[in-house]
Each structure stands twice: as structure tokens, then as C-alpha cells.
Amino acid sequence: MTIDPLGQLFASAEAVLFDFDGPICSVFDGYPAQRITVELRQLAGAVPDDLNEAMQKAAGPHELLLATAGDTRLATQLERALQAAELAAVESALPTPGAVAALAACRDSGKLVAIVSNNYDESVARYLARTGLAAQVAHIQGRDPSDPTLMKPSPHLIEKAARALDVRTSACVFIGDQTSDVEAGRAAGAHTVGYANKPGKADALALAGAEVVVDTMTELAAAIR
Ligand SMILES: O=C(O)COP(=O)(O)O
């Protein structure tokens, strides 16, 4: 008998939770995250040395937002600017091959779907509307605009999405392309699948504890059916 770990994970799942940037689309393809990070740093202007150090270290706009969490005024200012940048970015976001098939497979097999993202929920909604996918997603869980510390790797967003779908987290499979996604999924008590969309990611996702790692969303779609 062949053992199909991915098929088994989905067979017993009631809901499939998708991270947005990566598994569903490349959000920052036309408006690079690096450019947004630089623009947000410029907007922040002069800040105290310790904060400046943390902000310079941030690898992307969400890490930058997190770095400002202790400064409510600045965090609010950057949150608003990042929301605007994300809304602009999704207009040119490119779909991930296999993502549409994966969502269709969930619909056909009667599994609930939520998107769980550190991005602004309205930008996710715009992308889904633009690409005709809105009806296939029961819930969009974006970051909490008032508290960046609740972004993944915190389990908060996954727990909230499961509550919105009225399922236990243990009945959810969460697919993400970052080790922080896998950490969030595990901390929430969900099953986790790593999507290794770049060379070298597979080992890191497995090390973070992903139960299965896939290289393509097409492979994932086939396993859901
Ligand atoms: O874009 C990011 O880095 C985070 O967003 P995600 O949670 O949708 O992956």
C-alpha cells in the first residue's frame, strides 16, 4: 500500500487555510516589498537610535511594522501607509500556478477555505475580487491593524480564522511558504504544509516542523481532490 501523507492530511481536514503571499499570489511582484520598506523608513523619518537599529534590520515591510510596535503613533502611521501600499501592490500581483486549482479542489471536496495573511485584509479581498475567486473563500483573516505583534508567527490569526469558520484548529491544514507560517500553524494546533517556492526553502520549512513540504501548488491541488 502506498502511503500518501499529503492526501491523508487533507482527507481528515474540514478546512484549508492558505497563507496569501506565496501560496495564492506574488503580492509584491509589480511593487517590490523592498521598495515599500524603503518608503516606510523614509516616512518614519528620524527615530531614536534603538528603534532605528531595529527598523534598519527589518527584512521587509511587515518586519518593519513589527519593529515599531512599541511606538503607537509611529506604528499607526506606518500601518496606514502599508495598507495603501498593499492595496496598490495587489493590483499587479501575479497568481501562483496551481492556486486556482487548489481553491477549486477545496470547493469540489467540500472543504472550507480561509486566507490567513499578515497583509491588510482589504488588499486580499481586492485581489480575490479582481481574479474572480472571492466566492471560493469563506473568510479572510488579515493582520490586526491595531497590534502588529499578533502577526504570524503568533498563532492569533490562525485561531481567529478557525473560530470564524467554526472549526477546531486541529481540523485545519494551513499552507504557508515561510517558517513563520509553520511556527504559527503549529502554535495554533493546526496541521501544516510548507510550500517551498524557492530553492533552499524545503529544508527550512521541514526543520520548522511542517508535516509535509510541497514544491508546487499544483501538487497540493492534486492531493486535495
Ligand atoms: O507578505 C508577507 O511577507 C506576509 O504576508 P502573508 O502572510 O500573506 O505571507
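This is a predicted model: local features need pLDDT of at least 70, side-chain atom pairs count only at pLDDT 80 or more; totals for chains, interfaces and linings use all residues.
**Domains**

**Interface**

Contact between the domains involves 15 residues of domain 1 and 12 residues of domain 2. Together the two domains bury about 1,300 Å². Carbon and sulfur atoms account for 63% of that area. On the side of domain 1, Tyr120, Arg143 and Pro148 lose the most area to domain 2. These three residues together make up 35% of what that side buries.

Polar and charged pairs also span the interface. Six residue pairs are in polar contact between domain 1 and domain 2, both residues being at pLDDT 80 or more. The side of domain 1 that touches domain 2 has seven nonpolar, four polar and four charged residues. Two salt bridges cross between the domains. Glutamate 79 and arginine 143 form a salt bridge, with their closest N and O atoms 2.8 Å apart.

**Cysteines**

The structure has zero disulfides.

| Cysteine | Nearest cysteine sulfur | Distance |
|---|---|---|
| Cysteine 25 | Cysteine 106 | 16 Å |
| Cysteine 106 | Cysteine 172 | 11 Å |

A disulfide needs two cysteine sulfur atoms within 2.5 Å. Cysteine 25 is in no disulfide, and neither is cysteine 106. Cysteine 25 counts as buried because its relative accessibility is 0%. Cysteine 106 is buried too, with a relative accessible area of 0%.

How values were computed
Residues are numbered from 1 along each chain as its sequence is written. Side-chain values use heavy atoms; hydrogens and water are left out. Contact means heavy atoms within 4.5 Å. Buried area is the accessible area (1.4 Å probe) that two parts lose on being put together, summed over both. A salt bridge is a side-chain nitrogen of Lys or Arg within 4 Å of a carboxyl oxygen of Asp or Glu. A polar contact is a pair of N or O atoms within 3.5 Å; within protein, one must be able to donate a hydrogen and the other to accept it, and residues adjacent in sequence count only if both atoms are side-chain atoms. Ala, Val, Leu, Ile, Met, Phe, Trp, Tyr, Cys and Pro count as nonpolar, Asp, Glu, Lys and Arg as charged, and the others, Gly among them, as polar. Buried means under 20% relative accessible area, exposed over 50%, partly exposed in between (1.4 Å probe, protein chains only).
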